[in-house]
Amino acid sequence: MDTSNETTPLVSAGALKKPKTPLPKLQIGILMTLQLVEPIASMSIFPYINQLIRELGITGGDDAAVGYYAGIIESLFFVAQTLTVLRWSRLSDRVGRKPVLLVGLSGTCISMLCFGLSTTFWGLVISRCMCGVLNGNVSVMKTMVGELTDSTNMAQGFALIPIMWCIGGFVGPLIGGTLARPQDNWPGLFAHSFWSKYPYFLPCAVSACGLVLGFFILLLFLEETLSTKRRPKLATILGISNGADNDNREGLAQTSNIPMRSLLTPTIVIPIANYAMLALLDMAIMAILPLFFSTPTYLGGLGFTPSHIGLWMAMFAMANGTFQALFFAKIVDRVGPKRLFCVSVSCFTPLMLMFPIMSWLVHTRGMVDHTITVALIGQLTLTIIWDMAFGTVFMFITASAPTKNVLGAVNGLGQTSASMARVEHNILNGNAVYVVLIVLAGILRWLGSQLPDEIQDRDE
């Protein structure tokens, strides 16, 4: 009698669900605190950047050129990051994650203070470039999350990253929109001439204080996760015996210097290509949104003030973060990361179409009324679905690393590609931007179909 059917499992071993490993709450919590302070700083400039460009006289009074120069300033960070983030990531594979994070936080803090004290276009340029050159933290933090998680709790761990960015996207614009030009809002408290000379220093200083706090939390409490630099205490937390850890240290140190060319395999390149395209389209949204809000209605925008812009962007981020916190991991478990990614990126086209639709509504109705509010809420819903793509693509990139000791290099490649893509959004102008971006969204949808059907189990 043929018993092959009886001995063949109905479900493959790889598909059997293992019990979830609890997240190391303290270390993940510290890491997410660091993940929070950086988007607060970076997002705080969005509500007032367009007004700052106008006040510095860079455009010569041409309001239509404001978006172009704002885009240049926003892109400079990513230009500088493109040139250096891979080096920071590879350095973290050798000297450890913690030293690189300390340098990154220091660089961001100094650059934010310089940005607030800038009164010329070139001052803004130098401060943004400084921030990009000295900061490789985004890729290093994702590497640490990958090292602190396994295949059973990876979705939970990576779900926290977009949540922190959403909270930062809520607090940052709120700080920037509320504290910009304090001499106008609280003339009795900020009557000194310093605030008239540097009207945007206060939000930058508050953001810098958050970075200083993050620096000391990292210095005092965060444990190293790199295998060759890790202390025995963290190895115990991660379930690694000291003997096995010591035996592997020499081999890990050698393979951390693996040639970059050997990492350019389809398994790694496809998730990175998806992340790069996702980053380009997301940066386009982040650049268009405050510009559309601030542009006068006669030029096709909504004519919002910086405080109104900060409020709306904060509302977007708060709703987004709440949804991601409550539902992302559950949705990944139910529908799978690949299917969720494809559904998320499919929302880009209707999301972008909302901009010309709202512009047409303002033009025909002659004012910003409740119809625009309903349209903004619809756009918010699409944005929430769109942002779930980030958590899933981070999972694919982390799982693509052949060994844990090259996680830094793999995440560095991903961040370099994403930073390079984010620079490119600035070359698009006029109404054609919507058409080009929608075409790129179609390419991203195809790239998503090339992802593996399941997340590779890094533990096997």
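With which side chain does the side chain of aspartate 282 make a polar contact? In this predicted model, the partner is the side chain of tryptophan 386, at 3.0 Å. The secondary structure of the protein comes to 20 helices and zero strands, and buried residues make up 55% of its 460 residues.

**Nonpolar cores**

- The largest nonpolar core holds 116 residues, of which Phe115, Leu278, Leu281, Phe293, Trp386 and Leu437 touch the most other members.
- Phenylalanine 293, not counting residues up to four places away in sequence, touches Leu302, Gly303, Phe304, Ile309, Trp312, Met313 and Leu376.
- Another core lies apart from the largest one and consists of nine residues, including Phe190, Trp195, Tyr198 and Ala205.

**Packing of helix 16 against helix 18**

- Helix 16 (residues 337–345) packs with helix 18 (residues 370–400) at an angle of about 145 degrees, the axes being 8 Å apart, and the crossing of these two helices is left-handed.
- On the side of helix 16 the contact is made by Pro337, Lys338, Leu340, Phe341, Val343, Ser344 and Val345, while helix 18 supplies Ile385, Trp386, Met388, Ala389, Thr392, Val393 and Phe396.
- Sorted by class, the residues of this contact are eleven nonpolar, two polar and one charged.
- Helix 16 is largely enclosed by the rest of the structure, because seven of its nine residues are buried; these are Pro337, Lys338, Leu340, Phe341, Cys342, Ser344 and Val345.

**Threonine 108 in helix 5**

- Threonine 108 lies in helix 5, which covers residues 97–116, and is buried, with a relative accessible area of 3%.
- A polar atom of the threonine 108 side chain lies 2.9 Å from the backbone oxygen of glycine 104.
- Beyond the residues up to four places away in sequence, threonine 108 touches Glu38, Ala41, Cys131, Asn135 and Leu211.

**Serine 139 in helix 7**

- Serine 139 lies in helix 7, made up of residues 137–148, and counts as buried because its relative accessibility is 0%.
- Although serine 139 and valine 85 are 54 residues apart in sequence, their C-alpha atoms are 7.6 Å apart in space.
- With neighbours within four places in sequence left aside, the contacts of serine 139 are Val85, Ser89, Asn411, Gly412 and Gln415.

How values were computed
Residues are numbered from 1 along each chain as its sequence is written. This is a predicted model: local features need pLDDT of at least 70, side-chain atom pairs count only at pLDDT 80 or more; totals for chains, interfaces and linings use all residues. Side-chain values use heavy atoms; hydrogens and water are left out. A nonpolar core is a set of buried Ala, Val, Leu, Ile, Met, Phe, Trp, Tyr and Cys residues joined through side-chain atoms within 4.5 Å. Buried means under 20% relative accessible area, exposed over 50%, partly exposed in between (1.4 Å probe, protein chains only). Contact means heavy atoms within 4.5 Å. Helices (H or I, at least four residues) and strands (E, at least two) are DSSP runs, numbered from the N terminus. Axes are lines fitted to C-alpha atoms, for helices over the stretch in contact, and angles run from 0 to 180 degrees between N-to-C directions. A crossing is left-handed if the near helix is turned anticlockwise from the far one by less than a right angle, and right-handed if clockwise. Ala, Val, Leu, Ile, Met, Phe, Trp, Tyr, Cys and Pro count as nonpolar, Asp, Glu, Lys and Arg as charged, and the others, Gly among them, as polar. A polar contact is a pair of N or O atoms within 3.5 Å; within protein, one must be able to donate a hydrogen and the other to accept it, and residues adjacent in sequence count only if both atoms are side-chain atoms.
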